[in-house]
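I'll jot down what I look up as I go.

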Amino acid sequence: MLAGKKTYISAALLALATFARSVGWIDQSQYDMILGLTGALGLAALRAGVAKS
């Protein structure tokens with residue numbers, strides 16, 4: 001279902017969080033937490049993609 005899309009999803013979440021931070025919807029500590037989670041998600045997706053090839 002999500003084959004080939006997990007990295008794009010994590011990038012989109014990171015872009016959304018960056019936008020939310022820039023307009024002031026979230027504070028810096030919330031942004032840092034989201035940054036850590038989306039970074040970990042992106043690395044996990046990358047690792048899963050490498051394992052498949």
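First a term I need: buried means under 20% relative accessible area, exposed means over 50%, and partly exposed is in between, using a 1.4 Å probe and protein chains only. This is a predicted model, where local features need pLDDT of at least 70, side-chain atom pairs count only at pLDDT 80 or more, and totals for chains, interfaces and linings use all residues. Residues are numbered from 1 along each chain as its sequence is written, and side-chain values use heavy atoms, with hydrogens and water left out.

**Entry: T38.** I looked up T38 and found it in helix α2; helices are DSSP runs (H or I, at least four residues), numbered from the N terminus. Is T38 buried or exposed? T38 counts as buried because its relative accessibility is 7%. Leaving aside neighbours within four places in sequence, T38 is in contact (heavy atoms within 4.5 Å) with S10, L13 and L14.

**Entry: L13.** Next I went to L13, which lies in helix α1. With a relative accessible area of 39%, L13 is partly exposed. Apart from neighbours within four places in sequence, L13 is in contact with T38 and L41. I also checked L13 against I34: they are 21 residues apart along the chain, and their C-alpha atoms are separated by 8.5 Å.

**Entry: α2 by itself.** Helix α2 covers residues 28-52, 25 residues in total. From first C-alpha to last, α2 reaches 36 Å, close to the 36 Å expected (1.5 Å times one less than the number of residues). Its buried residues are Y31, T38, G42 and A45. What covers the buried residues of α2 includes α1 (6-22).

**Entry: α1 against α2.** Two packed helices are described by the angle between their axes and the distance between the axes. How do α1 and α2 score? Their axes come within 8 Å and cross at roughly 165°; axes are lines fitted to C-alpha atoms, for helices over the stretch in contact, with angles from 0 to 180 degrees between N-to-C directions. That makes α1 roughly antiparallel to α2 (the label for angles over 145 degrees). On the α1 side, the residues that meet α2 include K6, T7, S10 and R21.

**Entry: aromatics.** I searched the whole structure and got one aromatic pair. F19 and W25 form this pair, edge-to-face, 5.5 Å centre to centre with 85° between the planes. (Rings of Phe, Tyr and Trp, its six-membered ring, pair with centres within 6.5 Å; planes under 30 degrees apart count as stacked, over 60 as edge-to-face and the rest as tilted.) F19 counts as partly exposed at 43% relative accessibility, and W25 counts as exposed at 62%.

Notes:
Helices (H or I, at least four residues) and strands (E, at least two) are DSSP runs, numbered from the N terminus. Angles under 35 degrees count as roughly parallel, over 145 as roughly antiparallel, 65 to 115 as roughly perpendicular and the rest as oblique.
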